[in-house]
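Have the coordinates open and follow along.

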Amino acid sequence: MALSEKQLEQLRDIFDTVHRPVVLFDDDPDGLSSFLMIYKHIKEGRGMPVKSAPELGADFCQKVNDYGPDAVIIVDVPVLSQEFLNRIRSRIIWIDHHPVLERKGVEYFNPRASDPGDNRPTSYWVYKALQENLWIAMMGIVGDWFLPEPKILDEFTSKYPELLSTDITKPEVALHTSKLGELIQMISFNLKGKTSDVVKSVKVLTRIKEPSEILEQATAQGRFIYRKYAKLKSKYDKLLSMVEVKPDDKLLLFMYNSPDYSFSSELSNELLYKHPGKVIMVVWEYNGEYKVSMRSTKVNLPNLIGKALEGIRGYGGGHDHAAGANVKMADFDTFVENIRKQL
Ligand SMILES: [Mn+2]
């Protein structure tokens, strides 16, 4: 069922009448692209990336209120506490495509409310409401492993034939073999690292009008985004080259150490794309814990992880085919053993 035409009109009306919003967005391409479309339409406001894991506290809320927004627009953030929402002093609009949450005092837009199976990305719905900046929308949509309907796709491939060829029919192929995929990695890497650096990159991205500015480094803004990407890309490629694949092992386990940046989601996605028959487990050592990112085309990961965590200090969850866990270092070997036993 999706978001109805009426809901899309309501969204459009919100974007036309709000003047000074704070936009809280998930720090991935879908969240960022949703923010960029909204910001480019309203031309005023402040974007704040939100890391999905930690709970947002009173300090953060203070920062939101201090800006004096006429609305707080939340995009692609899966979970927020009622307590956090209660502290916000303005109108709240929340657009999301994760499992539906019951919260009070929020104008809530989620396609799953009418159809639990409809998880089309947030950037897709923002685009449907605004119908502007298709290249930005496509970064978010494909970045979330989704391809839109032919009408949108055709419009994109005819406007930007160099970014995506018309014979690509799967999001994972688009993500790993096209210029668009490269562009998505560029903005994704710009969301990594210190918050102050991320905020700088986001600000620069709001000024970019065409993808060629980044891909061909045609403007100072484009070069800024490209440079950060290039720096991280060399780290990423080095990690990727260290991955060892054992042909008869169902589990592809890769552990790495990288003090400032996590590359787990990109690494596990790329490894799954290259080895679709395997269960992928990418492990990042951080703060005395192991952060585990898992991918699989067939196995239900939340079940697998849930069972493997029994009797272990750690927690985890996620989507059926993309999930994660945090495990204490001392318990990690048992955790891996518990995973292997189930495969
Ligand atoms: Mn999303």
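This is a predicted model: local features need pLDDT of at least 70, side-chain atom pairs count only at pLDDT 80 or more; totals for chains, interfaces and linings use all residues.

Q: Does Asp76 count as buried or exposed, going by C-beta neighbours inside 10 Å?
A: Start with the place: Asp76 is in the loop between β3 (71–75) and α4 (82–87). The cut-off for burial is 20 or more other C-beta atoms within 10 Å. Asp76 has 30 such neighbours inside 10 Å, so the residue counts as buried.

Q: What is the phi of Asp76?
A: Asp76 is not a glycine, yet its phi is positive. The value comes out at about 65 degrees.

Q: Which strands stand at the edges of the open five-stranded sheet?
A: The sheet has mixed pairing and runs in the order β6-β7-β8-β10-β9. Each edge strand has a single partner, so one side of it is left without a neighbour in the sheet. That puts at the edges β6 (251–256) and β9 (314–318).

Q: Which residue of β7 is the bridge partner of Leu251?
A: β6 and β7 (residues 279–286) run parallel, and six bridges join them. In β7, the partner of Leu251 is Val279.

Q: What angle does the direction of helix α14 make with that of β9?
A: Helix α14 (residues 301–308) packs on the sheet and touches β8 (289–295), β9 and β10 (322–328). Relative to β9, its direction makes an angle of about 170 degrees.

Q: How many residues does the largest nonpolar core have?
A: Val23, Val72, Ile74, Val75 and Val142 have the most contacts inside this core. It draws at least three residues from each of domain 1 (5–230) and domain 2 (242–342). Beyond four places in sequence, Val142 is in contact with residues including Leu147, Pro171 and Ile184. The core's count is 89 residues.

Q: What is the radius of gyration of the protein?
A: The protein has 15 helices and 10 strands. For 343 residues the globule rule gives 20 Å, and the protein is close to that, so it is as compact as a globular protein of that length. Its radius of gyration is 20 Å.

How values were computed
Residues are numbered from 1 along each chain as its sequence is written. Two strands pair if DSSP finds at least two bridges between them. Helices (H or I, at least four residues) and strands (E, at least two) are DSSP runs, numbered from the N terminus. Two residues are in contact if their C-beta atoms, placed from the backbone, lie within 7 Å. Axes are lines fitted to C-alpha atoms, for helices over the stretch in contact, and angles run from 0 to 180 degrees between N-to-C directions. A nonpolar core is a set of buried Ala, Val, Leu, Ile, Met, Phe, Trp, Tyr and Cys residues joined through C-beta atoms within 7 Å. A residue is buried if 20 or more other C-beta atoms lie within 10 Å of its own, exposed if 12 or fewer, and partly exposed in between; C-beta atoms are placed from the backbone. Domain bounds come from an automatic or database domain assignment. The radius of gyration is taken over C-alpha atoms; the globule rule is 2.2 Å times the number of residues to the power 0.38.
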